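Let's work through a few exercises together, one step at a time. Keep the sequence and the 3D view open beside you as you read.

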Amino acid sequence: TGALRAYRRGSHRFRAGESGELVDEQGTRWKVGEGALAPVAGKDESLPRVPGVPSFWFGWQAFYPGSELWAGSG
């Protein structure tokens, strides 16, 4: 679909869980939402979605030469 979702993870580290959920370093399951990443149960915390635009790096770099490139794994 071309959709892009990125969230501020803070100090959390995630791995893929079942049925589209993520699991953090403590085993807490998180649900991917439109506006935030939120724990399924137990924690009163959410991680906000950050704006993103799918683009080709060479095009972005031409307009914003001081940008940093962060690549995800997986």
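This is a predicted model: local features need pLDDT of at least 70, side-chain atom pairs count only at pLDDT 80 or more; totals for chains, interfaces and linings use all residues.

Start with Glu34, which is exposed, with a relative accessible area of 55%. Here, buried means under 20% relative accessible area, exposed over 50%, and partly exposed in between, with a 1.4 Å probe and protein chains only. Residues are numbered from 1 along each chain as its sequence is written.

**Exercise 1. Find the salt bridges of Glu34 and say which network they form.**

Step 1. Look at the pair Glu34 and Arg5, where the closest N and O atoms are 2.6 Å apart. This pair links distant parts of the chain: Glu34 sits in the loop between strand 4 and strand 5, and Arg5 in the segment before strand 1, 29 residues apart. Helices (H or I, at least four residues) and strands (E, at least two) are DSSP runs, numbered from the N terminus.

Step 2. Turn to Arg49, which forms a salt bridge with Glu34 at 2.7 Å between the closest N and O atoms. Arg49 lies in strand 6 and Glu34 in the loop between strand 4 and strand 5, so the pair ties together parts that are 15 residues apart in sequence.

**Exercise 2. Describe the salt bridge between Glu21 and Arg29.**

Step 1. The side chains of Glu21 and Arg29 meet at 3.4 Å, N to O.

Step 2. Now compare each relative accessible area with the cut-offs. Glu21 counts as buried at 18%, while Arg29 is partly exposed at 43%.

**Exercise 3. In what order do the six strands of the open sheet lie?**

Step 1. Recall that two strands pair if DSSP finds at least two bridges between them.

Step 2. Read off the order, 1-6-5-4-3-2, with antiparallel pairing. Strand 1 (6-7) and strand 2 (14-16) are at the edges and have a single partner strand each, so one side of each is left without a neighbour in the sheet.

Step 3. Check some of the pairs. Strand 1 and strand 6 (residues 47-50) are joined by two antiparallel bridges, and Tyr7 has Arg49 as its bridge partner in strand 6. Strand 5 (residues 36-39) also pairs with strand 6 over two bridges in the antiparallel sense, with Leu37 partnered by Leu47.

Step 4. Move on to strand 4 and strand 5, an antiparallel pair with three bridges. They form a hairpin with three residues between them, and Val32 has Leu37 as its bridge partner in strand 5. Strand 3 (residues 22-24) and strand 4 (residues 29-32) pair over two antiparallel bridges, with Val23 opposite Arg29.

**Exercise 4. Which residues of strand 5 make its covered face, and which its uncovered one?**

Step 1. Leu37 and Pro39 belong to the covered face.

Step 2. Ala36 and Ala38 belong to the uncovered face.

**Exercise 5. Is Thr28 buried or exposed, and which residues does Thr28 touch?**

Step 1. Locate Thr28 in the loop between strand 3 and strand 4.

Step 2. Use the cut-off: at 14% relative accessibility, Thr28 counts as buried.

Step 3. List the contacts, meaning heavy atoms within 4.5 Å. Not counting residues up to four places away in sequence, Thr28 touches Leu22, Val23, Pro39, Ala41 and Lys43.

**Exercise 6. Where does Leu69 lie, and is Leu69 buried or exposed?**

Step 1. Leu69 lies in the segment after helix 1 (57-63).

Step 2. With a relative accessible area of 58%, Leu69 is exposed.

Notes:
Side-chain values use heavy atoms; hydrogens and water are left out. A salt bridge is a side-chain nitrogen of Lys or Arg within 4 Å of a carboxyl oxygen of Asp or Glu.
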